[in-house]
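Please open the model in a viewer and keep the selection panel at hand.

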Amino acid sequence: MTARIGIVGIGHTRFGNSSEYDLADVMAYAATDALIDAGILEQRREVDQVFVANMASGLFCHQSSVASSMVSKLDMEPVPAELIENGPASGASAVKIAYMAIASGMVDVALVVGGEIMRKISGWEATDVVATMLHPEAEYAMGLTLPSFGGMFARLYMDKYGCTERDLALVAVKDHDNGALNQYAHVQGTCTIEAIADGETAGVVNNYIAEPLRIYSTCPVTDGAAALVLVNMDSPKAKLFKKKPVRIAGVGSATDTHCVHNRKDPLRLDAVRIAGEKAYRMAGLTPGDISFAELHDAFTILELAISEEIGLFERGKSYLAVRKGETTIKGRLPINPSGGLKSKGHPVGATGVSQVVELVRQLRGEAEEGRQVRDPKYGMSVNFGGFGNNVVAIICAKD
Amino acid sequence: MIDFSMYDVKTPEILGYKCQTCGAIHYPAPMICGKCSTRRDPVTGRKWETFPLEGPATLLTWTRVWNLPEGYNVKYLLFGIVEFENGLRASGRLGVDDPKTGMKLTSRVEESDERPGKPVNVFIFS
Amino acid sequence: MAIDALELKLRPPELGLTPYPAKMITLASGEIMVVRECRREEVGVLLGTVYPLIGVAADYYDIVACRMYEELLGWYRYRTANEFVLVGAINGVIAGIVNSRSVDHKLGMSLHTLTIKRGLRVGAQLFAAKMENHIEYQGADEVYIVAESPNGWKRWMLEYSLEDRSSLYPAVRHELGGGPTFCLTRKLWDAVKASKCTGTRPVPPEILATANKLIMPTEYVQIPGFKR
């Protein structure tokens with residue numbers, strides 16, 4: 001691939017509870033921030049194409065076609081706009097499609113916005129909406145939900161590799177330490193290992209959600225939006241932008257069986273591995289080149305499993321690295337310096353875009369003090385759709 | 001002549017699918033056979049046959065879920081993934097309160113109306 | 001105050017409640033919440049804590065706060081029989097209040113649960129402490145419970161598998177507006193207490209001391225821009 005495509009503008013709302021606002025407003029807010037960061041607010045019609053990532057606005061907010069509504073909010077007509085849906089990987093898919101649009105030569109500047117409002121409905125209804133991703137007869141009908149699969153996967157992983165519930169809690173403590181410093185994070189309070197694992201009252205305070213996953217091993221239900229402005233760095237339009245682009249070095253994605261029970265090996269996340277391999281190949285990199293990563297920790301077990309599938313740690317051994325502090329901000333390989341989905345939150349359509357916003361903030365050196373990765377060169381994100389049946393990996397470079 | 005058996009009380013079943021071209025079995029129903037690429041027509045069912053997916057199964061993994069979605073009014077439910085003797089795997093509810101990975105269970109199917117819309121068939125492994 | 005013959009006629013009969021032993025719980029943030037019984041002379045800070053929430057319509061705070069305000073005054077002025085009030089305090093600052101009363105030695109009538117500090121399951125812990133007090137310390141066999149909010153219903157009726165007594169209305173009805181009444185029996189409590197009720201006793205003296213003087217919260221997430 002010879003196209004050089006970079007990110008020149010970022011925007012991000014404070015993740016949390018935006019349920020009293022209109023979804024298109026929340027998305028447009030992040031988009032406006034990105035246009036301002038890119039320096040093209042007045043010349044926003046220089047954008048050739050808008051891609052909006054959203055998973056289920058129809059079910060969460062009783063609204064559809066939000067790409068069209070958002071473009072109007074931004075007063076950006078007649079710029080073309082389409083919705084990209086890939087479950088919780090919608091965000092990274094939108095970045096991938098925008099990349100492909102620019103690489104095709106049909107688009108020079110693209111605006112990517114990911115957003116979701118999940119809190120207009122109750123938590124039980126939101127769990128049900130997310131569960132609609134599952135196979136309707138073989139999984140959804142049984143009453144299964146995403147946390148159920150998280151729990152079953154965690155059980156298999158813990159039984160095979162010796163990882164404990166305390167290790168899952170250590171990941172949460174690290175995520176919260178980072179999120180507490182992230183101005184956009186949903187949950188900005190830290191938690192202590194004493195309180196959620198070691199202490200006498202921890203078993204009840206950190207209660208089970210889907211055994212062995214506990215409340216502090218699962219991400220919150222969150223509203224929010226994030227946005228990026230992408231440009232073909234070799235096009236005449238690249239001159240519009242003052243900030244040095246953060247280049248997208250590699251993109252990869254893959255699918256796996258819909259039904260989790262039909263995976264070849266229930267402990268493997270093949271779509272993650274293949275997506276990662278494709279991204280590395282495109283970027284000409286290996287796992288050893290990655291300085292930090294934003295990995296989809298909807299359940300903290302996934303931070304561990306995904307980090308192994310993309311080759312950052314040996315299979316089954318990542319929890320040992322967590323115990324040694326290797327994945328903290330001061331460690332050898334910071335993972336989820338943003339706080340991850342656990343602390344930053346997980347508005348499903350926004351997450352993939354939010355992860356790339358974080359890659360850009362870190363590579364630009366613009367992260368808050370105390371959670372800035374030291375001298376990063378390459379950052380990688382993995383956005384996990386369904387229960388791993390549709391995964392997108394992105395690598396960004398500070399050239 | 002009318003087929004009066006349509007009024008019989010039916011025991012709910014969950015079906016496995018067998019490709020008649022190559023003999024491969026699948027659950028749930030695919031559109032294309034993964035082994036020989038024979039297509040399945042959901043309308044006529046030509047070249048495919050169904051069979052009840054049932055019997056003894058081994059528990060591969062399980063969880064007890066406390067945060068149930070809208071529509072469920074029980075405190076918790078147990079779920080698991082099992083493997084039948086014919087090699088097919090399935091997800092479903094567990095009817096045992098103290099599951100252990102590797103234990104042998106038997107399947108049964110019940111109708112449930114906890115999901116929105118028409119009642120659905122649910123595996124219960126106990 | 002002088003307790004003359006008329007005042008005695010106005011006061012409800014007293015069963016004599018067992019004091020609730022204080023405990024402490026480490027919340028997920030690492031903060032330690034002391035859960036202890038309140039004394040009548042502390043009613044001022046309790047009322048001051050509850051009062052601002054009377055104006056918050058969201059999440060049924062208004063009706064819960066309003067009813068609890070009345071119940072606290074009823075307790076303070078000896079016009080409600082055998083009521084007890086428990087508070088959860090973090091460094092002395094009130095995080096949540098629960099109140100309830102004993103109908104007799106065998107039956108509790110759960111009143112209200114009000115959470116000020118959100119996001120740390122304070123309400124869940126205090127509700128469990130209230131039930132613990134009724135069954136373990138007051139010796140009740142049953143506690144009647146109603147919920148004003150859907151959240152309350154799901155958290156208590158569902159999670160504790162409370163027995164539905166609503167079909168026995170009006171013979172069995174909760175004092176709070178005669179709402180559909182659910183019941184926590186000793187058997188149901190025994191089945192859930194390990195997963196619902198926790199706490200360290202005794203509370204080390206230096207930590208208990210932090211909760212000696214209760215402090216009204218200076219901020220309410222429910223009331224943006226609150227100033228006392």
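A residue is called buried if 20 or more other C-beta atoms lie within 10 Å of its own, exposed if 12 or fewer do, and partly exposed in between, with C-beta atoms placed from the backbone. This is a predicted model, in which local features need pLDDT of at least 70 and side-chain atom pairs count only at pLDDT 80 or more, while totals for chains, interfaces and linings use all residues. Residues are numbered from 1 along each chain as its sequence is written, and chains are lettered from A and ligands numbered from 1 in the order in which they are written.

**Stop 1: Val205(A)**

Select Val205(A), which counts as buried because 26 C-beta neighbours lie inside 10 Å. Val205(A) sits in helix 9 (residues 202–205) of chain A; helices (H or I, at least four residues) and strands (E, at least two) are DSSP runs, numbered from the N terminus. Which residues does Val205(A) touch, not counting those up to four places away in sequence? They are Ala195(A) and Ile196(A), together with Ile25(C), Thr26(C), Leu27(C), Ala28(C), Arg121(C) and Thr198(C). Contact here requires that the C-beta atoms of two residues, placed from the backbone, lie within 7 Å.

**Stop 2: chain A as a whole**

Along the principal axes, the C-alpha trace of chain A spans about 60 × 45 × 40 Å. Of the 399 residues, 65% count as buried. Among contacts in chain A between residues at least 6 apart in sequence, 77% join residues at least 24 apart.

**Stop 3: two helices of chain A**

Select helix 7 (residues 165–179) and helix 11 (residues 300–309) of chain A, whose axes come within 8 Å and cross at roughly 95°. That makes helix 7 of chain A roughly perpendicular to helix 11 of chain A. Axes are lines fitted to C-alpha atoms, for helices over the stretch in contact, and angles run from 0 to 180 degrees between N-to-C directions. Angles under 35 degrees count as roughly parallel, over 145 as roughly antiparallel, 65 to 115 as roughly perpendicular and the rest as oblique. Helix 7 of chain A contributes Leu168(A), Val171(A) and Ala172(A) to the contact, and helix 11 of chain A contributes Thr300(A), Ile301(A), Glu303(A) and Leu304(A).

**Stop 4: backbone details of chain A**

Move to the peptide bond from Glu211(A) to Pro212(A), which is cis, with omega near 5°. Pro212(A) lies in the loop between strand 5 (208–210) and strand 6 (213–214) of chain A. Next, select His62(A) in the loop between helix 2 (57–61) and helix 3 (66–73) of chain A. Is His62(A) buried or exposed? With 9 C-beta neighbours inside 10 Å, His62(A) counts as exposed. Its phi is near 55°, a positive value in a residue other than glycine.

**Stop 5: chain B against chain A**

Show chains A and B together: the contact takes 28 residues from chain B and 32 residues from chain A. On the chain B side, strand 4 gives the most, with six residues.

**Stop 6: chain C**

Finish with chain C, which has seven helices and eight strands. Select helix 2 (residues 43–50) and helix 3 (residues 61–76) of chain C; their axes come within 9 Å and cross at roughly 170°. Helix 2 of chain C and helix 3 of chain C are therefore roughly antiparallel to each other. The contact is made by Val43(C), Leu46(C), Leu47(C) and Val50(C) of helix 2 and Ala65(C), Met68(C), Tyr69(C), Leu72(C) and Tyr76(C) of helix 3. Finally, select Pro170(C), in the loop between strand 7 (163–164) and strand 8 (182–185) of chain C. The peptide bond from Tyr169(C) to Pro170(C) is cis, with omega near 0°.
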